Amino acid sequence: MINLSADNEMAIVECNFCHQKDEYDIIDVIDSELDIFEKNKLIGGTLFEHKCSNCGKSINYYYNMVYYDKPHNVMIYYVPNANHIGPFCAGLALTNLSMTRHAVEFGEDLPEIVDWIQRVVCSPSVLMEKAIIFEAGLDDRVIEIIKLMCLSLVFERHPNFIHEQSKFYIENGLWFIELCGLENKENQSHGSYTVGVQCDMYNKVLETAQTILEDSDKHFVIDEEWALNVLEYDGKDSLRYS
């Protein structure tokens, strides 16, 4: 349970285990340059975590927030309720259009946010992943295409694998895609496969998929579904793992 206060900076949260009520800081905006502590909590996966002052158990409380990365002109909106993604994206598109029309009508410069990369996510793990991708100066659309290439490779070698989710991460300066799911449907055992992503591979996809990237420049939701749709539409059979 979470109740936002009037200033949206503090909430009273109730522990699901012992029902202790604590104050909980709401971090609804993170500037990647200025809010280093908060950014590290986000990338470390603990931004939404609260430890109960009474029983000590940790619980995650989720709320709308925005992460912006000025050096890479990126704005990421986190909307925890997936049912709100569609209306939120529609509203965002209208806001951008309204700002553009206003600037043209009054002969003003376009607000810089209109030209920024804007993403909308509904999962804290995807929010964390996007922050890592853009922090490294990478294109999340290329990463989503590479995820599918890696998944194709895993399916070739493990045909019974049932894919559930893919995750990009960086470790010791190296890039990896982790594919998580069920080893097979019968015993429901979970497993994962990790594939290293080479810089040459990233650059090859970036070059080969240039038309796709130009056409999807203003998409707000970039995920596996987006990658499947654009590859099917564009017929990019040449994008294979090698």
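A polar contact of 3.0 Å joins the side chains of Glu14 and His19; the term stands for a pair of N or O atoms within 3.5 Å, where within protein one must be able to donate a hydrogen and the other to accept it, and where residues adjacent in sequence count only if both atoms are side-chain atoms. The model is a predicted one, in which local features need pLDDT of at least 70 and side-chain atom pairs count only at pLDDT 80 or more, while totals for chains, interfaces and linings use all residues. Residues are numbered from 1 along each chain as its sequence is written, and side-chain values use heavy atoms, with hydrogens and water left out.

Glu14 belongs to strand S2 (residues 10-14), and His19 sits in the loop between S2 and S3; helices (H or I, at least four residues) and strands (E, at least two) are DSSP runs, numbered from the N terminus. Glu14 is buried and yet has no salt bridge, the nearest side chain of opposite charge being Lys21, 4.4 Å away. Here buried means under 20% relative accessible area, exposed over 50%, and partly exposed in between (1.4 Å probe, protein chains only), and a salt bridge needs a side-chain nitrogen of Lys or Arg within 4 Å of a carboxyl oxygen of Asp or Glu. His19 also has a phi near 70 degrees, a positive value in a residue other than glycine. Most residues other than glycine have a negative phi. Asn172, in the loop between S10 and S11, likewise has a positive phi, near 55 degrees, and it counts as exposed because its relative accessibility is 74%.

By the rule given above, the count of salt bridges comes to eight. One of them joins Glu135 to Lys39, with the closest N and O atoms 3.2 Å apart, and this pair links distant parts of the chain, since Glu135 is in helix H3 (residues 124-135) and Lys39 in helix H1, 96 residues apart. Glu135 is partly exposed at 35% relative accessibility, whereas Lys39 is buried at 8%.

In another salt bridge the side chains of Asp140 and Lys130 meet at 2.8 Å, N to O, and the two residues, ten apart, lie in helix H4 (residues 140-157) and helix H3 respectively. Asp140 counts as buried because its relative accessibility is 1%, and Lys130 is buried as well, at 1%. Arg119, Lys130 and Asp140 are linked in a network of salt bridges.

Lys167 and Glu178 form a further salt bridge, their closest N and O atoms being 3.4 Å apart; Lys167 lies in strand S10 (residues 162-171) and Glu178 in strand S11 (residues 174-182), so the pair ties together parts that are eleven residues apart in sequence. Lys167 is partly exposed, at 36% relative accessibility, while Glu178 is buried, at 16%.

Which residue does the side chain of Ser32 meet in a polar contact? The partner is the side chain of Asp69, at 3.5 Å. Ser32 is found in the loop between S4 and helix H1 (36-43), and it counts as buried because its relative accessible area is 5%.

Notes: Lys and Arg count as positive and Asp and Glu as negative; His and the chain ends are not counted.
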